[in-house]
Amino acid sequence: GGWNVLNSWLADSKKAHNVALSMHLLQLFKKIPVTVNMLKAGTVGKLVKQLSKAETPSKLKDLAIEVLQDWMNLIKSSTAKDDQTKGKAKGEKRTGPKLPEEPIEKRAKPANLYRLGTKEVPPASKPKIVQESTGFMTAVKNSAAS
């Protein structure tokens with residue numbers, strides 16, 4: 001919708017070096033509500049960052065920096081909210097599921113598994129052992145055929 005139009009207008013104004021239009025668009029970006037998903041959806045963030053670093057008039061550059069700072073604050077607050085809703089404090093490492101308390105050796109094992117090194121594998125997926133190292137391509141063809 002409208003976000004895509006603003007994105008294309010900013011790209012066109014940057015390409016044409018239209019400082020007045022770029023200024024108006026940046027002022028608009030400061031006023032309109034923006035979400036993180038909107039920033040991810042287009043290239044407007046990259047364009048504004050380019051304007052903040054380009055050889056442009058200082059007013060345009062300063063306004064671009066202000067818009068970027070607003071957006072960075074939005075992203076940081078969104079990330080902090082996501083961490084809080086997931087019950088994680090900032091900087092806390094996320095952990096995977098808890099492992100069972102009983103040792104692996106004591107767990108019940110299906111009878112149709114065999115041990116391949118340290119990994120148990122069903123018999124249907126048992127790899128074929130190739131005796132000759134010179135027949136690598138033959139072994140590949142044979143394993144693909146079976």
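Of the 146 residues in the protein chain, 19% are buried. The chain exposes about 11600 Å², and carbon and sulfur atoms account for 58% of this area. The model is predicted, and the mean pLDDT of the protein chain is 74. A pLDDT of at least 70 is reached by 55% of the residues. Among the elements, helix α2, spanning residues 19-31, has the highest mean pLDDT, at 92. The lowest mean value, 54, belongs to strand β1, which comprises residues 114-116.

The secondary structure consists of six helices and two strands. Read from the N terminus, the order of the elements is α-α-α-α-α-β-β-α. With regard to contacts between residues at least 6 apart in sequence, 50% link residues that are at least 24 apart.

Helix α1 (residues 2-15) packs with helix α4 (residues 44-53). Two packed helices are described by the angle between their axes and the distance between the axes. For α1 and α4, the angle is about 30° and the axes lie 10 Å apart. Because angles under 35 degrees count as roughly parallel, α1 is roughly parallel to α4. The crossing of these two helices is left-handed. On the α1 side, the residues in contact are Trp-3, Asn-7, Leu-10, Ala-11 and Lys-14. Their counterparts in α4 are Val-44, Leu-47, Val-48, Gln-50 and Leu-51.

The loop between α1 and α2 contains His-17. Most residues other than glycine have a negative phi. His-17, by contrast, has a positive phi, near 55°, although this residue is not glycine. The relative accessibility of His-17 is 67%. Since exposed residues are those over 50%, His-17 is classed as exposed.

Lys-76 is located in helix α5, which covers residues 58-85. With a relative accessibility of 55%, Lys-76 is likewise counted as exposed.

Notes: Residues numbered from 1 in each chain as written. Predicted model: local features only at pLDDT ≥ 70, side-chain atom pairs only at ≥ 80, totals over all residues. Heavy atoms only, no water. pLDDT = per-residue confidence, 0-100. Helix = DSSP H or I, 4+ residues; strand = E, 2+ residues; numbered from the N terminus. Buried < 20%, exposed > 50% of the residue type's maximum accessible area, 1.4 Å probe, protein only. Contact = heavy atoms within 4.5 Å. Areas by Shrake-Rupley, 256 points an atom, 1.4 Å probe, with all protein chains shown as cover. Axes fitted to C-alpha atoms, helices over the stretch in contact; angles between N-to-C directions. Parallel < 35°, antiparallel > 145°, perpendicular 65-115°, else oblique. Left-handed = near helix turned anticlockwise from the far one by under 90°.
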